[in-house]
Amino acid sequence: PDMLVTPKMASKAESPVSCTPPKPSPVGADEMRAVARKFADQPVQNPEPGVWAVLTAISKKARLRSEGMNILLSADEHILGRTVENPRFRISAVSVSGNHCKIYKDTVIGELQRDEPVPVYLKDSSTNGTYVNWNKFMKRSPPTKLNHGDIISFTTPPHHDASYAFVYREVNAVSCVGNGTTILKRKSGEMGSESKRLKGLGIGSSDGPVSLDDVRRLEKSNAELREQLEAHVVTIETLRTASKTAEEQHEKELKEFKESTSSSYLEQTKSLQLALEGKQKQLDTLSTLNTELQNSIKDLDERLSASKQSRADADEIIQSQKANICELEEQLSEERNLRIEERDKAAEDLKSALHKVQAEAQDEMKRQTEAYLKQQKEQKEFIIKLQV
């Protein structure tokens, strides 16, 4: 499977090799949002040709997928679920439906709005639902639009221990945070400059991309874990044999669904064409009305000349109202200053909260690093004892 991981994520993936791994602490919603924001703020390096977005695993269950930590989106439509044909889009969990949800581009709107990015939507078709940023969507829910940095979780909220949570990352977009607001920026010339990056795997960081040697060392360290998983594969194969009949039924339903969806898109295209023709007729009518309005404007100009005579009387009334307006302006100024003070206070509170979260994240990274170094030291001492 493809790997687009940072050095930090690689070190986390190596930790299961230990015989007695420490019990992980519960992950909160705020921590999950911070991890997703960190991935969204980093560009995707060296994607495969045609890939326009990546689902990167951010929960423990998702990172341990045998199919890989990243789901590459390259077609106009992808079906994700437990029994989908392509293993790259498979979520092997009992709570996940066979065809759990669909992520697709709305190419019809993309053709109508060529200057704007093609919108991407998620449509749930499962039994237990799909979460997008802690909002639950069921098969009866309408499609929801996906934005760069959104968190997608299957069957459970993203911060749940059993969740399969991913962050949605567009290849040619980066999410920047300024004044507490997330802004989506499109990067021009991204693909041209991408070829000049270092050859390797992963997301750029202060330590650089993960090299192929690092990946080989990671695969070697995971060999023992894979041997333990082989025992579970036998049980899984037995369950897969039992579900083969259900799989065939799902494939049949998927084929019928694709056919109905295709016909639905054709009908939508025809209806949009008819709507465009109607709009063109409306534009022609509006053009005629515009000509008539021009003539009306000329008449109004003549009436305006006649009404200037009464302007002097109106000026006297205006002068009498200016005093009231000045008082209202003073009240408005006081109210504006009060709102500015409240906004500045809120901004300071938000800034302090962000600093606190960053400090906690740095402390957690330091603790994990110390634990990892301690573990390596113990392993080295154990190896020395064995050699003696």
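## The sheet

Leu122 has Thr144 of strand 8 as its bridge partner. Strands 5 and 8 pair in the antiparallel sense over three bridges; pairing requires at least two bridges found by DSSP, and strands are DSSP runs of E with at least two residues, helices runs of H or I with at least four, both numbered from the N terminus.

The open sheet holds four strands in the order 3-4-5-8, paired antiparallel. At its edges lie strand 3 (77–80) and strand 8 (144–146), each pairing on one side only.

This is a predicted model, where local features need pLDDT of at least 70 and side-chain atom pairs pLDDT 80 or more, while totals for chains, interfaces and linings use all residues. Residues are numbered from 1 along each chain as its sequence is written, and side-chain values use heavy atoms, without hydrogens and water.

## The second largest pocket

Which elements each supply at least two residues of the lining of the second largest pocket? They are strand 4 (101–105), helix 4 (107–112), strand 5 (120–124) and helix 8 (244–307). Helix 8 gives the most, with eight residues.

## The annotated stretch

UniProt, in an unreviewed entry, lists residues 215–310 and 340–378 as "coiled-coil region"; such annotations may be inferred rather than shown by experiment. Residues 340–378 are 100% helix and 0% strand, with end C-alpha atoms 57 Å apart.
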